[in-house]
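Open the model in your viewer and keep the selection tool at hand. Follow the stops below in order.

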Amino acid sequence: MAVSMDEFLKQCEQSGDSAYAALRSLLERLENPATRTQSRIFLSDLYKRVGDSDQCLDKYHFRIQDVVLEHGVSTAEQGRKKLTMVVIPSIFMPEDWSFTFYEGLNRHPDAIFKDRTVAELGCGNGWISIAIADKWLPAKVYGLDINPRAIKVSWINLYLNALDDKGQPIYDEEKKTLLDRVEFYESDLLSHCRDNDIQLERIVGCIPQILNPNPDAMSKMITENASEDFLYDLSNYCALQGFVEDQFGLGLIARAVEEGIDVIKPMGIMIFNMGGRPGQAVCKRLFERRGFNVNKLWQTKVIQAADTDITALVEIEKNSPHRFEFFMGLTGDQPICARTAWAYGKAGGRIAHALSVYSCRLRQPQQVKKIFKFLRNGFHDVGSSLDLSFEDDAVADEKIPFLAYLAGELKENSSFSYEPPAGSLQFRNLIAGFMKTYHHIPLKSDNVVIFPSRAVAIEHVLRLFSPRLAVVDEYLTRHLPRQWLTSLVIEQASENNGLKDGITVIEAPRQSDLMVELITKLRPQVVITGIAQFEAVTSSAFVHLLDVTRQIGSRLFLDISDQFELSSLPSTNGVLKYLAGNVLPSHASIVCGLVKNKVYSDLEVAFVISEEEAILKALSKTVEVLEGNTTPIRQYYYGCLFHELLAFQLADRHPLTERDSSKTKSVEVIGFASSATSVLNNSELSIGEEEKSSALIHMDVDQSFLPTPSAVKASIFESFARQNVGEGEVDVNPSIKQFVKSNYGFPTDSSSEFVYTDTTQAIFTRLVLCCNLEGGTLCFASGSNGNYISSAKFLKASIVTIPTDSEGFKLTDKQLNKVLDTVKKPWVYICGPTTNPTGLIYSNKEMETILTTCAKFGARVIIDTSFSGLEFDGKAWGGWNLEATLSSLASSNPSFCVSLLGGMSLKMFTGGLKFGFLILNHPALVDAFYSFPGLSKPHATMRYAVRKLLGLAEQKVEELTNAVAENTKTLKSRAQRLKETLVKSGWDVVEPQGGISLVAKPSAYLNKVVKFSSTSEFKVDESNIREAICRGTGLCINSASWTGLPGYCRFTTALSDADFERALDCIKRLKDALKG
């Protein structure tokens, strides 16, 4: 029922709440079509009655005022010169802030909002939303505000301006009214749009940005019945939002921007009003570090609101080096800090601050959206480290897509999947695809093998062939062992010259005619060279090298790293031009180190291309034996670059004819070294891809496929998301020192040398080389890591086995004394506390005894902790504290020393983050180690991530420690289930006490026949049980030839849930296949 004018004003006069109640009743009548016209006429009469004055606001607790939009003669084709608006005390009223903001919007061309979907954040009484709709005719404007009273008043103002004084609709040139174009909703920033899946093309906002002196204020329930003071404070203050920008009072804007990224369309624009108090650079950076290109539309100065308390800013200045920006009045042109402004204001001065309007557009919208979707998925804290601001567009075009790709991988995959030693199949496919698309070379993934770096690839090639003499481009020798570069032994007829590392490398000039002359004169067995830049344009120099090396029987490895371009417009490359039309001869291969990225000049991965199957298989196995594998992150980065260059291309538009490399003429060249051949043929290495490895279950690899903890994912992402990382932030020495002290009581001092690499296996191979250099003998306990023993054999090390008893399969003082008494210069390898493969544990007392015995014989001791840290009952076994023992033994024998080898990959379930470390405490050993310089070291991003994780572990942060504890609990449970299944299936099991593996003897199967099908039948013995189980069930395990324990096979348990269940089924199927 309508009320009279006097009754309405009498109700309003009582209080602000009463005035709001009267206006809310008026809105209900405006919303009703039957009473809308009369209600609008009532508003016109009300305006005439009370006018626009402060007295009205004081007396009736509301006010109706005109907001002038155009001064002078309007040149706009549409739109009115003013709006008439109702305001109440509990709503942020139109003032300099919002007027400046509208002026900034006006600086955009008219088409900016035309037919667009727009949201205004913090709409207040709705005047800007209505003005946008009136002037620019958008498809829809959503006015959003957290203050429920603001929304009600905004709807009143919408009716007030959508209807004329007689209550009739006002139509625009498109025959629509403001009611068709504008809607208002109560919303915490963009929650309404997010909840209703509304995609926006424009987001505008004039949002408060002052620190709340009472952070508890926002925790109160916001209702339209809240006090007027509280509701008004929503306009001036905001609680901490959990963003780094909180310290500048910009947290709410930061949250608005990140919510906007979620709902804005790819070509959308955000426009925000920014008070300049934090400083213009800080305001601009808020947007830039989130991936926006920023344009400042308009800037002016405004007087600081008298009711705004800036003491919080003074406190920030007191506790940080940052200085806020204020001015002494509107005419002041030199900025003053918050403390000076506070004092000046207290003394009666008028302080001002800059006010700017920023227009922002995402530079790579789809990728940035993926990044922020990942951050919202439990990784909000990483957002404070994110920096997507780049001065160079080329850098942005490379890094932003990679971060999006990495975010997708980390979000979608709970763990990192198995990849063959030859490298990620996806990465090799991308390399082959790039070669096909851009250079018309019909390669397949099988033609590519991945290495951590070019230096590693070159060294592995030389170790695989162990040539009497190699000629190597002078630019490619700096990472080769010193012994190779100083040897003068070039005339032996074969590799059996009495030297374990009998390779002689002669440095050669890169210029092809000089290289050819040297090859002709010296007749080397292997040639590794690049091509001078001026010769790389055509293929003639390459062809000449092919011919000469073919004639004298040299293997040629040509390095194209300097000429290879990751570009959509690669320069002419004579080598690749040749390969487009010719099969690569069997004696030749291509080496390419990928270092030409725009962001990380020291992030490298390399690949070797060959069309000779035997070479490719041998290189793949060599990587496995000497490195383990190439860390996934290296492949991810360059894989993303290749993907970006291929993604926009139409697939198979110009299909290339596959060529038959078997028809190429064979050349009489050097074969593989005998030690390499023996290992590659007889060691248990990964099941090849030809065995359908994607369908296999890998219980034969030292990797974890358990869920990667969120803290690990966050650390990996943060390491790449940041820019300008300081040296101290990637220095892992202090963290590793603390780690080995806390976990093993291992002492370090200023003379300790720390070495880091991607994999512990790569470090171990270097230690084997040091042993060889000293003329030492490697002593392994029976039941040691089969991969390490294969590495030692590949490198021609002298090896002895120390017997272990069948009960514990651990070293004993008695057996150790017996063996070391017969060995000169012993190097003793000990895997502990947790042993691999048995999963048994050496106690601190046992280690004291072992080390004391080793010291007596002056042994070099390698303690490998890389499989430890996952003990099932940490309290029961008590841990290690080696410091007292090692201190007491320090002076016992000058050649005695203990080196500690370790890694993070298993302990923290880091998956794709590979990291190994070595601590050396003997000067002679340090010198020997560094005489082999080609070690591939972890990139700075990985060191940053490891340092971060070690810090979290040391602080016992629950997110990480709980995840590790949960995965350790899973491993314990699985070990028990696996044991039960094996025992029921006829296996004798050694129960593990920790780690990711156990050993078992197939007693019920030896010399028995298992039949899986009419065409798959095996008589099982120790030599073929691995093949039988793999071919029959798809389960890959290690046999006794790997474990070194007669009859015992190894099973690893750190599989995905699905694969572990499949593995148990395979074991049961094996039992079912047992005949008789």
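**Stop 1: the cores**

Select F272, F287, F564 and F717: these have the most contacts inside the largest nonpolar core, which has 247 residues. A nonpolar core here is a set of buried Ala, Val, Leu, Ile, Met, Phe, Trp, Tyr and Cys residues joined through side-chain atoms within 4.5 Å. Buried means under 20% relative accessible area, exposed over 50%, and partly exposed in between (1.4 Å probe, protein chains only).

This is a predicted model: local features need pLDDT of at least 70, side-chain atom pairs count only at pLDDT 80 or more, and totals for chains, interfaces and linings use all residues. Residues are numbered from 1 along each chain as its sequence is written, and side-chain values use heavy atoms, leaving out hydrogens and water.

Now centre on F717. Neighbours within four places in sequence aside, F717 is in contact with I371, F374, L375, V382, L386, L403, L406, A407 and L410. Contact means heavy atoms within 4.5 Å.

Next, select L69, L105, V141 and I156. They are included in a second, separate core of 63 residues.

**Stop 2: cis peptide bonds**

Go to the loop between β22 (826–831) and α31 (844–856), where P833 is found. Helices (H or I, at least four residues) and strands (E, at least two) are DSSP runs, numbered from the N terminus. A cis peptide bond joins G832 to P833, with omega about 0°. P837 also lies in the loop between β22 and α31. The bond from N836 to P837 is cis, with omega near 25°.

**Stop 3: positive phi**

Select H440, in the loop between α17 (425–439) and β11 (448–451). Its phi is near 60°, positive in a residue other than glycine. Finish at K796, between α29 (786–794) and β21 (798–802). Phi of K796 is near 65°.
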